[in-house]
Amino acid sequence: MREKILEILTEVRPDIDFENETELVSGNILESFDIVQIVAELDDEFDIEISPKDLTAENFNSLDALEELIERLSGEG
Amino acid sequence: MQSFKSKNIKNVLDLLEDAAGKYTVKTAYSDQERSISFEEVLLKARAVGTYLIKHNTGEGPVAVMLKRSVDTIVVFLGVVYSGHAYAPVGLDIPDERREKILKRLQPSFIINEAMLPGIFNERIDRTLLDEKRKDILMTDPLYVIFTSGSGGDPKGVITSHLSLLNYIEGYTGVMGIDSGDVMAAQSPLDYIAAIRDIYVPLFTGVEDVLVPKEFFMQPDVLFDLLNERRVSCVGWSTSAISILTKLKAFKDKKPEFLRKICFSGSVMNGAVLRQWQEELPDAVFVNQYGPTETTASCTYYKIDHPVEEDEIIPIGIPYPDYRVFLISEDDAPVKQGEEGEIAVAGAGVTLGYINDPERTAAAFTCNPLEKAFYERIYRTGDIGVFREDGLLMFHGRKDRQIKHMGHRVELDEIESAAAASGIERSAALYDADRENLWLFYEGEIDTRTLALSLREKLPGFMVPRKIKNMDALPLLPNGKTDFNTLKSMIH
């Protein structure tokens with residue numbers, strides 16, 4: 001799962017070191033239209049629905065946080 | 001509302017002093033850290049003005065390189081007290097671009113974060129301020145705001161007090177903003193849309209809440225803030241509204257107090273607007289159109305019916321004291337129903353591009369339809385058509401300029417940045433449906449290296465998120481890039 005998430009993130013923003021970055025949202029590293037694209041692709045890839053309540057800096061600030069979010073949402077479905 | 005003209009307000013300092021007298025301790029601006037009252041804005045701006053009169057002996061605009069906060073707005077107004085125009089220069093742009101901007105601007109002084117405590121501590125000297133003040137004309141430069149220019153060279157649009165006062169008064173009138181409203185600002189302060197966030201409070205006494213950029217990708221967090229601060233009025237970019245919609249913002253929450261919504265910057269999608277109308281049935285929606293060169297805007301359209309999903313929304317009618325008309329390719333009048341270039345005359349036409357006589361002369365011209373006198377106009381390069389009911393419709397561009405995320409982007413500026421990265425042949429395209437910038441290129445450099453190099457040259461929103469390496473770009477028989485074939489590849 002982690003590999004696939006990383007692939008999606010890197011496709012959108014090849015310039016970011018997602019393995020080490022921990023302030024993707026609160027540090028204004030990702031733009032809002034990056035998030036739109038990432039959310040759409042994660043929804044498709046993992047057959048989940050990321051809701052507005054999931055769209056928080058805590059869930060999107062790092063690869064680890066994002067992986068946890070997707071595991072949680074996949075479990076719910 | 002009484003007009004600024006009848007109140008003898010000739011510049012934004014008169015406006016600020018009028019507001020400070022009327023609204024005193026009411027909050028004018030707030031950010032996540034603090035808020036500042038109208039009176040405090042006045043006092044701090046006067047301190048900034050005094051400091052600058054003492055320390056800046058040069059001619060020309062003052063570059064303001066500060067993060068987005070209430071202090072930055074105070075500094076802008078303080079620069080005006082010192083008798084100079086202010087020029088916001090973003091901190092989040094690549095060094096190369098900032099250097100180009102500063103080279104073009106030739107600032108007399110640069111203000112950065114480290115200087116702020118000293119500047120704000122200056123003792124106000126009313127004699128010095130009054131001395132400067134008496135020389136300011138309402139037609140003098142107020143600010144310089146940079147916008148994308150072709151060939152990779154940003155253009156600094158200079159705007160006068162008069163143009164600004166005229167536009168803000170028109171905008172507050174159309175939106176029906178009064179002192180009971182609360183605004184929420186989305187725009188970066190170095191971008192033209194911020195002039196509403198800065199000056200509408202001074203006109204009307206509303207509080208303006210500066211919303212952090214990252215809240216616009218966290219819809220629940222954003223709507224919580226809007227509800228907590230009882231925000232009733234926003235002027236946001238079309239793309240910010242469209243992104244919130246794509247993120248299904250209304251799923252859990254609603255901005256309960258929001259009643260006045262203006263969107264601008266690019267074409268609004270009917271389906272997006274329809275959803276907002278359904279979610280906020282009591283809100284007024286206004287579509288606004290116009291470039292930085294006509295003081296942010298020149299026309300507006302108050303949406304007076306539930307729009308259809310495929311409806312093309314008019315850009316409408318001119319704001320007061322703007323004349324908006326069409327010119328044909330051979331500089332002749334255009335009949336109703338036919339396409340022409342949108343041209344603008346009146347108080348909103350700005351003073352041109354700073355230190356750039358050539359590009360100024362090309363866009364700010366004498367009206368070719370007015371033979372009797374020299375009427376100065378701005379030619380937008382946008383194509384428009386007047387509908388039978390008199391409303392203006394937007395029909396795209398004459399050139400390769402596009403609007404992305406509310407910002408103007410010259411596609412050849414991206415290709416120039418690719419060329420500066422060692423790519424000889426490239427072609428930039430815009431997929432307006434998905435709001436994606438594409439770059440196709442030939443060459444040995446891999447896409448990641450190219451993306452990194454583009455990031456050193458262009459602001460983030462201009463860096464294509466879709467970059468494709470090709471053995472050879474498709475060509476037309478005349479040797480030019482075949483954009484239609486490339487377009488078909490992205491759909």
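In this predicted model, the buried residues of helix α10 of chain B are covered by elements that include α2 of chain A together with α9 (219-228), β10, β11 (260-264) and α11 (270-279) of chain B. Nine of the nine residues of α10(B), which spans residues 238-246, are buried, so the helix is largely enclosed by the rest of the structure. Among them are Thr238(B), Ile241(B), Ile243(B), Leu244(B) and Lys246(B). Just after α10(B), Lys248(B) has a positive phi of about 55°.

The two chains meet through 19 residues of chain A, which are in contact with 25 residues of chain B. On the side of chain A that touches chain B, helix α2 (residues 32-46) of chain A gives the most, with six residues. By type, the residues on that side of chain A are 10 nonpolar, six polar and three charged.

Chain B has an open sheet of nine strands with mixed pairing, in the order β2-β1-β9-β8-β10-β11-β12-β13-β14. Strands β2 (35-37) and β14 (317-318) of chain B are at the edges with a single partner strand each, so one side of each has no neighbour in the sheet. Within the sheet, β1(B) (residues 27-30) and β9(B) (residues 207-210) run parallel and are joined by two bridges. Tyr29(B) has Asp208(B) as its bridge partner in β9(B). Helix α8 (residues 194-204) of chain B lies across β1, β8 (182-185), β9 and β10 (233-237) of chain B, and runs at about 155° to β9(B).

Another pairing in chain B is that of β6(B) with β7(B): the two run antiparallel and are joined by six bridges. Here Ile145(B) has Val157(B) as its bridge partner in β7(B). Most of β6(B) is covered, with six of its seven residues buried. The two pairings described are set side by side below.

| Strand pair | Direction | Bridges | A bridge partner pair |
|---|---|---|---|
| β1(B) and β9(B) | parallel | two | Tyr29(B) and Asp208(B) |
| β6(B) and β7(B) | antiparallel | six | Ile145(B) and Val157(B) |

Both β6(B) and β7(B) also take part in the surroundings of helix α4 of chain B: the buried residues of α4(B) pack against β3 (62-65), β4 (86-88), β6 (141-147), β7 (155-160) and α14 (447-457) of chain B. In α4(B), residues 95-105, the buried positions include Arg97(B), Ile101(B), Arg104(B) and Leu105(B). Seen down the helix axis, the buried residues of α4(B) fall within an arc of 100°, so they line one face. An α-helix has 3.6 residues a turn, so residues three or four places apart point the same way. The face of α4(B) turned away from the buried side carries Asp95(B), Glu99(B) and Lys103(B), which are exposed. Gln106(B) follows α4(B) and has a positive phi, near 50°.

The largest nonpolar core contains 147 residues, and those with the most contacts inside it are Leu16(B), Val48(B), Val64(B), Leu77(B), Ala87(B) and Met183(B). Helix α3 (residues 70-81) of chain B supplies the largest share of this core, nine residues. Apart from its neighbours within four places in sequence, Val48(B) is in contact with Val74(B), Val75(B), Gly78(B), Val79(B), Tyr81(B) and Ile119(B).

Key. Residues are numbered from 1 along each chain as its sequence is written. Chains are lettered from A and ligands numbered from 1 in the order in which they are written. This is a predicted model: local features need pLDDT of at least 70, side-chain atom pairs count only at pLDDT 80 or more; totals for chains, interfaces and linings use all residues. Two strands pair if DSSP finds at least two bridges between them. Helices (H or I, at least four residues) and strands (E, at least two) are DSSP runs, numbered from the N terminus. Two residues are in contact if their C-beta atoms, placed from the backbone, lie within 7 Å. Axes are lines fitted to C-alpha atoms, for helices over the stretch in contact, and angles run from 0 to 180 degrees between N-to-C directions. Ala, Val, Leu, Ile, Met, Phe, Trp, Tyr, Cys and Pro count as nonpolar, Asp, Glu, Lys and Arg as charged, and the others, Gly among them, as polar. A nonpolar core is a set of buried Ala, Val, Leu, Ile, Met, Phe, Trp, Tyr and Cys residues joined through C-beta atoms within 7 Å. A residue is buried if 20 or more other C-beta atoms lie within 10 Å of its own, exposed if 12 or fewer, and partly exposed in between; C-beta atoms are placed from the backbone. The arc is that of the directions from the helix axis to the C-beta atoms.
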